[in-house]
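Subject: Structure handover and notes

Dear colleague,

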Amino acid sequence: MTDAPDAESESESGSGLAAEKARRLAHVGELRSAGVEPYPYRFDRTHTLAEVRAEWGTLEPGTETEHRVTVAGRMMLRRDTGKLVFAQLRDRDGEIQLFISKAVVGDEAFEQISDLDLGDWLGAEGTVMTTRTGELSVRVERLTLLAKAIRPLPDKWRGLTDVDTRFRQRYADLIVNEEARRVFRVRHELVSSIRRTLAGHGYVEVETPVLHVEAGGAHARPFVTHHHTLDMQLYLRIALELHLKRLIVGGMERVFEIGRIFRNEGISTRHNPEFTMMELYQAFADVTDVMAITEELITTATLDCTGSTLLTIRGQEVDLAEPWPRHRMVDLTSDAVGEEVHPRVPIERLRAIAERHGLRPEDHWAPGKYVEEIFEATAEHQLVRPTFVTGHPVDVSPLARTDRTDPLLTERFELFVDGRELANGYSELNDPVEQRVRFEHEQAFKDAGDAERATVDEDYLRALEYGMPPTGGLGVGIDRVAMLIAGVDSIKEVILFPTLRPEVW
RNA sequence: GCGCCUCUAGCUCAACGGCAGAGCAGUGGACUCUUAAUCCAUUGGUUCAGGGUUCGAAUCCCUGGGGGCGCACCA
């Protein structure tokens with residue numbers, strides 16, 4: 001764990017990373033010998049760099065003021081012209097130039113400036129000025145080293161592009177790539193926008209268990225873990241749904257959770273084994289209310305993140321403020337294949353259609369499973385603009401309420417944008433007797449070989465027996481929405497530390 | 001899991017069967033208004049690892065490892 005480079009012998013070689021680190025570590029030693037602490041405990045600044053720019057950003061070129069400021073940041077660039085050094089300081093939300101004149105700071109302090117390295121954290125005290133060319137600067141009177149960087153920064157102009165290094169060393173990515181900083185600001189703004197919108201509608205934010213005895217609420221392979229004291233197998237949650245609906249039974253009426261869920265499945269540009277889901281449940285609401293709040297949440301968040309409701313998706317400009325089209329899955333799919341696709345169609349017919357579209361049906365597939373698979377193989381990827389796909393078959397929607405006009409379908413929707421599923425919602429099934437039958441069907445499919453099907457969750461059924469009011473529910477994949485708004489095409493770009501194989505040291 | 005691509009200095013990249021190079025960073029020097037400062041000089045390599053082919057391998061082949069993309073998987 002302790003990094004102990006062989007400073008003496010490496011410095012003899014004169015170059016390379018080890019030598020560079022040795023040189024800087026040697027300087028740390030010199031500073032301490034001279035009574036200067038290279039890692040001081042704290043530093044008080046009077047202004048952030050953005051505050052300096054906000055207050056004095058409009059000064060005329062060649063202005064010298066008496067306004068004293070103390071700022072702090074990381075030195076990103078240095079331009080040495082002899083007895084005058086310009087350094088670019090950056091903090092969380094701004095940059096400012098330091099104007100360091102030998103005549104101002106004195107010979108001794110000026111000598112020490114050449115020992116600073118790009119990447120060092122500095123504190124600077126001085127007066128606000130602009131240079132002859134108009135660059136807002138701090139005319140430094142006193143410079144304090146706040147933390148010595150031992151390792152050199154990546155290329156100052158081209159940044160860090162190697163994706164492996166960018167994700168493994170996200171700290172370095174954030175230091176040198178403005179785009180990475182932008183994406184995570186978008187993500188932050190997305191999440192806080194959702195919280196604001198939901199708070200405005202009277203939702204209560206809750207936290208439910210991550211460790212589950214039954215991994216329910218979705219069809220997915222769970223991660224399995226073990227509790228020593230209880231000596232029992234536990235699963236990391238694959239959805240938030242069933243606990244949140246227990247809270248609706250409890251009378252909380254409007255609840256939501258933004259939480260990490262875990263699915264032990266493949267990794268791709270759209271999948272990370274752990275990802276963030278927002279689920280909400282609203283008493284007395286049905287699927288139409290849920291679609292309305294879905295539109296509001298995503299449109300408002302886009303506006304909050306970008307200042308506009310316009311997005312460019314696959315080169316197509318889309319205004320999220322326009323109503324999002326709603327189509328039944330069976331209609332979209334029937335149109336796509338040129339004949340009726342519906343759970344009521346004889347299963348031999350569905351099998352033929354599925355095989356015609358390159359699918360390999362399995363014996364345990366129910367009619368609704370065929371409908372869903374054919375939809376995914378044909379119509380799904382064509383849904384570029386935000387589109388609500390509704391009316392999923394009952395036999396693939398064990399927690400959704402039956403459509404009041406078609407007993408083989410449910411009052412459910414999935415939101416697709418750019419061919420990707422971003423959200424899923426429905427009128428919640430609240431009849432405990434029917435829910436038990438649905439669970440038993442799930443269990444039967446599982447026994448028939450479909451490992452991702454659910455089992456009977458007796459505690460959830462007990463909760464429903466106490467009475468759950470009519471309820472609408474929604475799940476939103478936060479990472480995918482962040483991708484959409486930030487305009488990036490890999491989920492790893494919106495997850496600070498995506499799942500990677502362990503580094504070989 | 002399968003297929004294709006990829007891995008060269010701290011970073012960004014050349015060299016593609018014939019002496020491993022450049023820019024940035026670093027080091028030494030010049031310069032008191034720079035903006036990726038500039039100018040002069042300069043250090044730095046287990047070419048991912050191992051094996052093979054060859055007079056000769058960063059380069060071709062094999063095995064392994066990391067990563068990317070696609071497929072599969074994935075409410």
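The model is predicted, so local features need pLDDT of at least 70 and side-chain atom pairs count only at pLDDT 80 or more, while totals for chains, interfaces and linings use all residues. Residues are numbered from 1 along each chain as its sequence is written, chains are lettered from A and ligands numbered from 1 in the order in which they are written, and side-chain values use heavy atoms, with hydrogens and water left out.

A search of the whole structure finds one cavity of 30 Å³ or more, where a cavity is a set of points, on a 1 Å grid over the protein atoms alone, at which a 1.4 Å probe fits but cannot get out. The largest cavity holds about 40 Å³ of space, a volume being the space filled by probe spheres set on the points, which are joined across faces, edges and corners. Its lining is made up of L190, I194, L297, I298, A301, V476 and V481 (lining residues have an atom within 4 Å of a point). Two elements give two or more residues to this lining, α8 (178–200) and α10 (287–306), and α10 gives the most, with three residues; helices (H or I, at least four residues) and strands (E, at least two) are DSSP runs, numbered from the N terminus. By class, the lining of the largest cavity has seven nonpolar, no polar and no charged residues, where Ala, Val, Leu, Ile, Met, Phe, Trp, Tyr, Cys and Pro count as nonpolar, Asp, Glu, Lys and Arg as charged, and the others, Gly among them, as polar.

The second largest pocket has about 520 Å³ of space, a pocket being an open set with protein on both sides within 12 Å along at least five of seven lines. It is lined by 19 residues, of which D91, R92, D93, G94 and R181 are the closest to its centre. The largest share of this lining, four residues, comes from β1, and the lining divides into seven nonpolar, two polar and 10 charged residues.

**A residue beside the pocket**

D91 is placed in strand β2 and is buried, with a relative accessible area of 9% (buried means under 20% relative accessible area, exposed over 50%, partly exposed in between, with a 1.4 Å probe and protein chains only).

**Aromatic rings**

The whole structure contains six aromatic pairs; rings of Phe, Tyr and Trp (its six-membered ring) pair if their centres lie within 6.5 Å, and planes under 30 degrees apart count as stacked, over 60 as edge-to-face and the rest as tilted. F86 and F99 form an edge-to-face pair, because their ring centres are 5.6 Å apart and their planes stand at 80°. This pair links distant parts of the chain, with F86 in strand β2 (residues 84–91) and F99 in strand β3 (residues 94–101), 13 residues apart, and both F86 and F99 are buried. W365 and Y370 are also edge-to-face, because their centres are 5.2 Å apart and their planes are at 75°, and both of these residues are buried.

**Helix α16**

Nine of the nine residues of helix α16 (residues 478–486) are buried, so this helix is largely enclosed by the rest of the structure. Just after α16, G487 takes a positive phi of about 75°.

With best wishes
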